[in-house]
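I opened my notebook to get to know this structure.

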Amino acid sequence: MKPTRIMAAALLIVGGGWTLNVAEAQQPGIHRTDILNDDLGTPGREVVQVRVDIEPGAASIKHSHPGEEVAYVLEGSLEYQLEGKAPVTLHAGEALFIPDGVAHVAKNVGSSKASELATYIVNKGKPLVVPLR
């Protein structure tokens, strides 16, 4: 009986993470392409790189990450609103550091597609994106 409960709990955990990824992929006007996911030399930490393409006027949900993010704008203009700070607009070739756990939103404020290379240094085994209200 105990193995059945353990298996059910594992399925709920895996299913919950998969549902979050599906929700992210279906967010209107935003497309994520996974590039890299690898362990770091520090136990329990990993690096994840993702290309994020955002259509004009589209914005991410308010969210945070279980670690640091470096957002590098590849093309277009993106406005970043980090909790407790004034909004900042970055253009192609500019980067922004987002500290561990800081809530933020990214929005395409240009008239064409914008793209960023998001590099996350995060705690392994935790959801990459933590939606907030």
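Predicted model: local features only at pLDDT ≥ 70, side-chain atom pairs only at ≥ 80, totals over all residues.

My entries below go from the sheet to its pairings and then to the core.

Entry: I found an open sheet of 5 strands, ordered 1-2-9-4-7, with antiparallel pairing. Next I asked which strands stand at the edges. They are strand 1 (30–39) and strand 7 (95–98). Each has a single partner strand, so one side of each is left without a neighbour in the sheet. I also checked the twist, which averages 15 degrees from one strand to the next.

**Entry: the pairings.** I went through the pairs that involve strand 9, residues 114–123. I then moved on to strand 4 (residues 67–75) and strand 7, which are antiparallel and joined by 4 bridges. Ala-71 stands opposite Leu-96 there.

**Entry: covered or uncovered?** I checked strand 9 and found it mostly covered, with 7 of its 10 residues buried. Leu-96 and Ile-98 make up its covered face. Ala-95 and Phe-97 make up the uncovered one.

**Entry: the core.** How many residues does the largest nonpolar core have? I found 21. Those with the most contacts inside this core are Val-48, Ile-54, Leu-78, Tyr-80, Leu-96, Tyr-120 and Leu-128. I then looked up which strands supply the core. Strand 2, strand 4, strand 5 (77–82), strand 7 and strand 9 each give at least two residues.

**Entry: Leu-96.** I came back to this residue last. Leu-96 is on the covered face of strand 7 and among the core residues with the most contacts. What does Leu-96 touch, leaving out residues up to four places away in sequence? I listed Glu-69, Val-70, Ala-71, Tyr-80, Leu-82, Val-88 and Leu-90. Ala-71 is also the residue that stands opposite Leu-96 in the sheet pairing.

How values were computed:
Residues numbered from 1 in each chain as written. Heavy atoms only, no water. Pairing = 2+ DSSP bridges. Axes fitted to C-alpha atoms, helices over the stretch in contact; angles between N-to-C directions. Buried < 20%, exposed > 50% of the residue type's maximum accessible area, 1.4 Å probe, protein only. Core = buried A, V, L, I, M, F, W, Y, C linked by side-chain atoms within 4.5 Å. Contact = heavy atoms within 4.5 Å.
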